[in-house]
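Student: I would like to learn how to read the features of a protein model, step by step. Could you take me through one slowly?

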Amino acid sequence: MSLDLDRLYLDHVADLQRRFARVLEDQGLDAVILESGSLAKRSRYDDQYWSLRSCPHFQHWLPVAEPECALVVRSGHKPKLLRPLATGFWEKPAAPESMAFEQVFEVVRVRDASEARDHHGPGRVAFVGEGREPPAELVKALDALRTTKTPYEIACIVEANRRATLGHEALREAFRGGDASELDLHLLFLKATAQDDWETPYKNIVALGENAATLHHVAYGRQARGRAAESLLVDAAATCRGYCGDVTRTWVKGAGASASAFAQLVAGVEAMQQRLCAAVRVGMPYEALHDESHRQVGAILREVGIVTASAEEAVSSGLTRAFYPHGLGHSLGLQTHDVGCGLRAPRGDNPFLRNTTDVAVGQVFTIEPGI
């Protein structure tokens, strides 16, 4: 897999060079400097720092999560990576998953990103990074480049989701056969996916029983719930070279009436998700798919006996939005909620919908209805 990704990566960089050249021409720029970012303190009162999340515009080119790096992109020239010398002895950044970038970039060792001014060359130059105020039209153009993914990016997202699947399978078995706490399950997910907490694309959501009613439950319970917990919701994923997975699943155990009813509800939502995936067509508005998901949620709520209204009445009265307040999905890439697919506002009754584009070849987005 690593060698396959490296081959795709070289094509990805060549494609970015062509597309960036057009952006620079359109923006009247001779070069752009993409900075990885600096470490941020956990608080103003101590000397500990958060792990770095590289600026996504930098990471679009490089699977490197190191502070104070800068990438000089100039049309007609080999991209130049300014990589700081490791001079400290307290910590050092994790090694990149791949060093293939050394084949296509000129790598220069520097003290920090401030030295970029000595390397960007003549003409009009823009800086993009944390703490910067780059031209708004430039950022909009760079965001647009990330809306559709190259084969390399798609392969990284596929691998990130494959890794996440290992964690979900481990938690499903632990839930069905044991008596683990939410914290135990969270730690098991990290072990199964061979990643540290800071590497996850978002904080793992691990919710037993009623805790699943909190959509982003991350205050893990420390005590095992025994037979009292009949359900487990896991919204957790992994990364690959900076690209994110995003997987949510709910499992049910027990033979009582409540467990049986809830299992019917879960089965209905899972079947709906597969129908929605199969309905995706190039050119269709994603918001239309979101609307269809509400119609299907209305039908499931009626079938299970939660509401007595028809599916159409459940949608028009707002009942489905009480049970299903979030959007159907979002763009996925270097950020869990990636950019580029929310360029226009959703309708007023879909305030939390992050994807409002028409479906196009090369887009990667999630389909995650819920009740």
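**Reading burial, bridges and a cavity**

Tutor: Asp 338 counts as buried because its relative accessible area is 9%, and buried means under 20%. Please keep in mind throughout that this is a predicted model.

Student: Which side chain does Asp 338 meet in a salt bridge?

Tutor: Side chains of opposite charge can pair when their charged atoms come close. Here the side chain of Asp 338 meets that of Lys 149, with 2.9 Å from N to O. Asp 338 lies in the segment after helix H9 (319-323), while Lys 149 lies in the loop between helix H3 (136-145) and H4, so the pair ties together parts that are 189 residues apart in sequence. Lys 149 is also buried, with a relative accessible area of 8%.

Student: How many salt bridges does the structure hold?

Tutor: The structure holds 20 salt bridges. One of them joins the side chains of Arg 163 and Glu 97, at 3.1 Å from N to O. This pair, too, links distant parts of the chain, since Arg 163 is in helix H4 (residues 151-177) and Glu 97 is in the loop between strand E3 (80-84) and strand E4 (106-110), 66 residues apart.

Student: Is Arg 163 buried or exposed?

Tutor: Arg 163 counts as buried, because its relative accessibility is 19%, whereas Glu 97, at 43%, counts as partly exposed.

Student: What separates Arg 295 and Glu 292 along helix H7?

Tutor: They are separated by about one helical turn, because they are three residues apart in helix H7. Arg 295 is partly exposed at 43% relative accessibility, and Glu 292 is partly exposed at 27%.

Student: Which residues are linked in a network of salt bridges?

Tutor: Such a network links Glu 287, Asp 291, Arg 321, Arg 347 and Asp 349.

Student: Which residues make a nonpolar surface patch?

Tutor: Ile 306, Leu 319, Phe 323 and Ile 371 make a patch of about 290 Å². Ile 306 sits in the loop between helix H7 (286-304) and helix H8 (311-316), and its relative accessibility of 39% makes it partly exposed.

Student: How much space lies in the largest cavity?

Tutor: About 70 Å³ lies in the largest cavity, and the count of cavities of 30 Å³ or more comes to one. Its lining has 11 residues, of which Phe 175, Gly 178, Ala 180, Leu 208 and Lys 253 lie nearest the centre of the cavity. By kind, the lining residues divide into six nonpolar, two polar and three charged.

Notes
Residues numbered from 1 in each chain as written. Predicted model: local features only at pLDDT ≥ 70, side-chain atom pairs only at ≥ 80, totals over all residues. Heavy atoms only, no water. Patch = residues over 30% accessible without salt bridge, like charges linked within 9 Å, V, L, I, M, F, W, Y side chains within 5 Å. Areas by Shrake-Rupley, 256 points an atom, 1.4 Å probe, with all protein chains shown as cover. Salt bridge = Lys/Arg side-chain N within 4 Å of Asp/Glu carboxyl O. Helix = DSSP H or I, 4+ residues; strand = E, 2+ residues; numbered from the N terminus. Buried < 20%, exposed > 50% of the residue type's maximum accessible area, 1.4 Å probe, protein only. 1 Å grid on protein atoms, 1.4 Å probe; cavity = no way out; pocket = protein on both sides within 12 Å on 5 of 7 lines; lining within 4 Å. Points joined across faces, edges and corners; volume = space filled by probe spheres on them. Nonpolar A, V, L, I, M, F, W, Y, C, P; charged D, E, K, R; others polar.
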